[in-house]
Amino acid sequence: RRKQSHQNRKIQKKMQVSHSAYLLPRVSSHPHTPSHAYILCSQEVDCNTTTLYKTYVQVCESIGIEPYHDLKQLPSTSGEQIIITGSNDMKLASGCRALMNSLSGKRLEGASEEPFTSLKDLRIRSSDISDCGAIAVANFLRTIAVEVKQDGGRPEAQGKLQFLDLSDNKIGHQGALHLGRSLEVGMNKTVTSLILDFNVLGAEGTSALCKGIATNSSLAVLSLKHCNIDSKGGE
């Protein structure tokens with residue numbers, strides 16, 4: 001028992017992120033990983049995750065789908081990180097649109113809330129969100145790209161999203177086109193890592209994506225593994 005207790009303390013120490021934050025286990029990016037959803041918890045970030053979850057449930061109800069069960073954790077977290085992997089419960093593109101509309105503060109009946117801007121890490125993987133889901137993510141990126149002035153001083157980006165992973169989601173040309181447009185010059189200055197592995201971009205989708213991100217000076221990491229990129233896409 002003493003040995004096990006010592007090992008548990010070592011694991012907890014390794015998982016420590018800040019004085020009052022911890023990171024739940026990371027999920028492999030392999031396309032055949034089982035369904036998981038993990039969220040970074042922190043007591044230091046002041047954000048309204050309860051309102052976010054209520055909006056999400058309302059959006060799901062309005063389009064006739066069940067809310068993704070693992071997002072019930074949202075009200076008890078800061079919502080800095082959302083990871084969804086291999087989920088059939090996301091209801092494919094419809095579930096992704098519901099989540100993105102909620103993050104954007106949009107409801108289908110016309111009412112709206114303030115955009116949720118505390119999210120730093122968004123990973124929706126192996127959930128078949130397709131082009132429609134990717135377009136919803138792109139629209140969310142544009143929503144949080146609005147700059148606001150802090151105390152009358154220098155404008156700052158409204159959102160904080162830095163890491164975006166949409167691996168293995170059957171995203172093609174249209175999804176890549178909209179993601180590229182949402183990351184072009186002046187549209188987004190916070191995203192530093194974009195992971196689109198195991199999608200069906202092809203040469204056409206790769207070209208559309210690159211036309212947008214070619215003017216982005218903030219993006220530092222781009223991963224396009226196994227995306228059917230031929231020699232034309234390489235150009």
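**View 1. Helices α3 and α4, side by side.** Helix α3 (residues 92-103) packs against helix α4 (residues 130-143) at an angle of about 5°, and their axes are 8 Å apart. That makes α3 roughly parallel to α4, since angles under 35 degrees count as roughly parallel, over 145 as roughly antiparallel, 65 to 115 as roughly perpendicular and the rest as oblique. The axes are lines fitted to C-alpha atoms, for helices over the stretch in contact, with angles running from 0 to 180 degrees between N-to-C directions. Helices (H or I, at least four residues) and strands (E, at least two) are DSSP runs, numbered from the N terminus.

A quick word on what you're looking at: this is a predicted model, where local features need pLDDT of at least 70 and side-chain atom pairs count only at pLDDT 80 or more, while totals for chains, interfaces and linings use all residues. Residues are numbered from 1 along each chain as its sequence is written, and side-chain values use heavy atoms, with hydrogens and water left out.

**View 2. Who meets whom between α3 and α4.** From α3 come Ala93, Cys96, Arg97, Met100 and Leu103, and they meet Ser130, Cys132, Gly133, Ala136, Val137 and Phe140 of α4. By class, this contact of α3 with α4 has eight nonpolar, two polar and one charged residues. Here Ala, Val, Leu, Ile, Met, Phe, Trp, Tyr, Cys and Pro count as nonpolar, Asp, Glu, Lys and Arg as charged, and the others, Gly among them, as polar. Contact means heavy atoms within 4.5 Å.

**View 3. A look along α3 itself.** With twelve residues, α3 reaches 17 Å from its first C-alpha to its last, close to the 16 Å expected at 1.5 Å a residue. (The expected span is 1.5 Å times one less than the number of residues.) Tucked away as buried in α3 are Ala93, Gly95, Cys96, Ala98, Leu99, Met100, Ser102 and Leu103. Buried means under 20% relative accessible area, exposed over 50%, and partly exposed in between (1.4 Å probe, protein chains only). The cover over these buried residues includes α2 (49-63), β4 (81-85), β5 (121-125) and α4. Just past the end of α3, Gly105 takes a positive phi of about 80°.

**View 4. Leu179, hidden in α5.** Leu179 sits in helix α5 (residues 173-182). It counts as buried because its relative accessibility is 0%. Leaving out residues up to four places away in sequence, Leu179 touches Ala134, Val137, Ala138, Leu141, Leu166, Leu196 and Leu209. Asp131 is 48 residues from Leu179 in sequence, yet their C-alpha atoms are 9.9 Å apart in space.

**View 5. Two aspartates with a positive phi.** Most residues other than glycine have a negative phi. Asp128, though not a glycine, has a positive phi of about 55°, and you'll find it in the loop between β5 and α4. Its relative accessible area is 31%, so Asp128 is partly exposed. Asp168 has a positive phi too, near 55°, and belongs to the loop between β8 (163-165) and α5. At 22% relative accessibility, Asp168 counts as partly exposed.

**View 6. Gln73, out in a loop.** Gln73 has its place in the loop between α2 and β4. With 29% relative accessibility, Gln73 counts as partly exposed. Gln73 and Tyr53 are 20 residues apart in sequence, and C-alpha to C-alpha they are 8.9 Å apart in space.
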